[in-house]
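Here is a short report for a first look at a structure. Keep the sequence and the model open while reading.

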Amino acid sequence: MAPHLVNFLLVEDDDDHAEIVVRTLKRNRIANNIVRLSDGAEALGYLRKCADGAPSSRPDIILLDLKLPKVDGHEVLAAIKSDEHLRSIPVVVLTTSEAESDRARAYDSHANSYLVKPMNFSRFRKMVDDLSLYWGVWNEPAPDS
Amino acid sequence: MMEFLSKLLDTSDFPPRWQTGNWTPEHGWLHVTADLMMWAAFTAIPIVILYFVIRKRDVPFPRVLVLFGMFILACGATHLIEACTFWWPVYRLSAVVKLTTAAVSWATVLVLIPTMPKALALPGLAKINADLAKQIAERSEAQAALSESEKSLRLANARLQQKNKEIEEFVYTVSHDLKSPVATMLGFVEYAMEDVAAGRLEDLSDSFPRIKRAALRMSNLIDDLLKLSRVGRLPLEPATVDIGKTVRELSEGMSDRLARAGAELVIEQGLPSVEADPTRFSQAIDNLLENAIKYACRQGGARIVVGAKSIGEEIWVCVRDNGPGIAPEYHERIFGLFQRLADDDEGTGIGLAIVSKIMQAHGGRAWVESSPGQGATFWLAFPHLGGAASR
């Protein structure tokens with residue numbers, strides 16, 4: 001069975017943090033396709049194109065940093081969750097901020113998960129493990145087909 | 001007792017007054033009418049006084065007033081009996097009533113005398129009014145002072161809250177930006193440990209430079225934060241600064257970097273002098289030049305120009321580059337702490353915040369004029385300090 005190609009959109013301005021995420025995904029052997037963008041404005045532009053119908057590039061999951069140049073992550077998250085074409089895409093916030101206000105605001109904007117760097121990189125890896133399992137199962141053909 | 005009363009009313013020893021002497025009817029009736037009028041008036045007065053005392057309640061010396069009433073009533077009674085004696089000669093009753101009147105009169109006198117000092121001490125209405133007016137004036141003055149101090153207290157409170165908010169924002173931003181390299185180091189150390197354990201050495205050569213860069217970045221951040229805090233802490237020492245000379249000295253220190261970046265630095269001729277703290281001035285210009293080298297030199301043929309002009313009461317100094325420029329929506333934001341428009345390893349996001357703080361300390365301002373693709377001009381406006389720099 002060919003592995004399901006999961007489209008990841010990583011919005012992260014820090015090259016090193018982006019590398020950590022990419023390495024984690026690769027080492028966990030999620031056969032994935034990662035698009036990395038480094039600022040909020042770029043991310044919004046890319047997602048608008050997806051919403052306008054470019055299904056191949058539509059991400060299956062978005063990993064979003066909060067502190068981004070130009071347009072910050074909160075604004076990007078709010079824009080995603082208020083767009084009817086995009087709101088179903090799970091968004092995992094990956095940030096160094098432990099501020100309660102950030103966490104509350106992210107969940108208010110319907111973030112699907114909130115992980116704090118660096119302590120939660122291991123949690124992130126666990127999440128990626130779970131995801132690979134999920135996508136693996138999801139991709140199995142139905143038993144009677 | 002009954003005997004005394006009948007004796008008192010016994011008229012057998014005296015004739016009615018009409019029969020004593022030669023009364024003309026006019027003369028006699030004049031007496032009778034006047035006496036009756038006095039009796040009526042002397043009865044009415046105490047009733048009015050009584051009414052006054054009862055209604056007023058807080059009348060001073062009410063007992064004296066009651067004695068006055070009784071004394072006037074008694075006087076009235078003597079006049080009534082005087083009128084009666086023209087027909088009914090009750091001279092004994094008349095004597096008793098007169099004696100009673102005398103006793104009440106003297107009682108009034110005896111009470112009145114010791115009351116006099118107290119009555120004299122009572123303030124007059126005009127004085128009471130004046131005192132009251134003074135009190136009201138004093139109170140409204142105190143009220144005004146109170147509301148004034150309340151206002152300044154509220155202002156101070158608002159200022160404190162603003163400062164508090166700034167500090168909170170500062171701590172928030174600093175902690176985020178300091179944590180970012182820590183996250184990098186921890187992430188790659190974790191990988192490095194895994195790689196060492198698994199004997200995968202090829203990834204190690206990538207992880208370690210990243211860890212080192214993150215550590216250096218952290219160190220730069222801390223250095224810049226210290227510089228920023230120093231700007232606000234140390235007092236200004238204003239002097240006359242030769243702009244051209246200062247920029248030439250700064251450019252000597254960065255000639256290698258300029259050459260490496262292939263950039264040209266042009267210092268306009270005949271630049272004026274400016275009143276500023278020389279160290280802070282050169283720090284501000286240095287940060288602007290560093291900024292220009294970092295961002296303008298990403299494309300070839302970079303040209304950085306330093307100029308200055310006198311505008312009204314101010315000296316405006318500019319650092320202009322022909323780099324990619326900055327969109328208008330970021331013109332204010334870039335002077336904030338850790339506001340970077342590009343992801344780069346060199347910038348800490350503190351340089352322009354330091355420039356802005358230096359200009360605030362000089363009572364001046366810093367801003368940028370730019371549009372994408374058109375380069376950027378950073379302006380610093382220095383006011384004439386007049387020897388009294390504000391912090």
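## Salt bridges and other contacts

Lys227(B) and Asp224(B) sit three residues apart, about one turn, in helix α6 of chain B. Helices here are DSSP runs (H or I, at least four residues), strands likewise (E, at least two), numbered from the N terminus. The two side chains form a salt bridge, with the closest N and O atoms 3.5 Å apart. A salt bridge here means a side-chain nitrogen of Lys or Arg within 4 Å of a carboxyl oxygen of Asp or Glu.

This is a predicted model: local features need pLDDT of at least 70, side-chain atom pairs count only at pLDDT 80 or more, and totals for chains, interfaces and linings use all residues. Side-chain values use heavy atoms, without hydrogens and water, residues are numbered from 1 along each chain as its sequence is written, and chains are lettered from A and ligands numbered from 1 in the order in which they are written.

Over all chains, the count comes to 18 salt bridges. One of them pairs Asp16(A) with Arg210(B). Asp16(A) lies in helix α1 (residues 15-27) of chain A and Arg210(B) in helix α6 (residues 204-233) of chain B, so this pair joins two chains. Another links Asp131(B) and Lys127(B). These two are four residues apart in helix α5 (residues 125-198) of chain B, about one helical turn.

| Salt bridge | Closest N to O distance |
|---|---|
| Asp16(A) and Arg210(B) | 2.8 Å |
| Lys227(B) and Asp224(B) | 3.5 Å |

How exposed are these residues? Buried means under 20% relative accessible area, exposed over 50%, and partly exposed in between (1.4 Å probe, protein chains only). Asp16(A) is buried at 8%, and Arg210(B) is buried at 14%. Asp131(B) is partly exposed at 36%, as is Lys127(B) at 49%. Lys227(B) is partly exposed at 35%, whereas Asp224(B) is buried at 16%. Salt bridges with shared partners join Asp16(A), Glu19(A), Arg23(A), Asp206(B), Arg210(B) and Arg213(B) into one network.

Next, the strands. In chain B, β6 (residues 365-370) and β7 (residues 376-383) run antiparallel, joined by six bridges. Strands pair if DSSP finds at least two bridges between them. Arg365(B) has Ala381(B) as its bridge partner in β7(B). Five residues lie between the strands of this hairpin, where Gly373(B) takes a positive phi near 80 degrees.

Last, the cysteines. A search of the whole structure finds zero disulfides, a disulfide being a pair of cysteine sulfur atoms within 2.5 Å. Cys50(A) is buried at 7% relative accessibility. Cys75(B) is buried at 18%.
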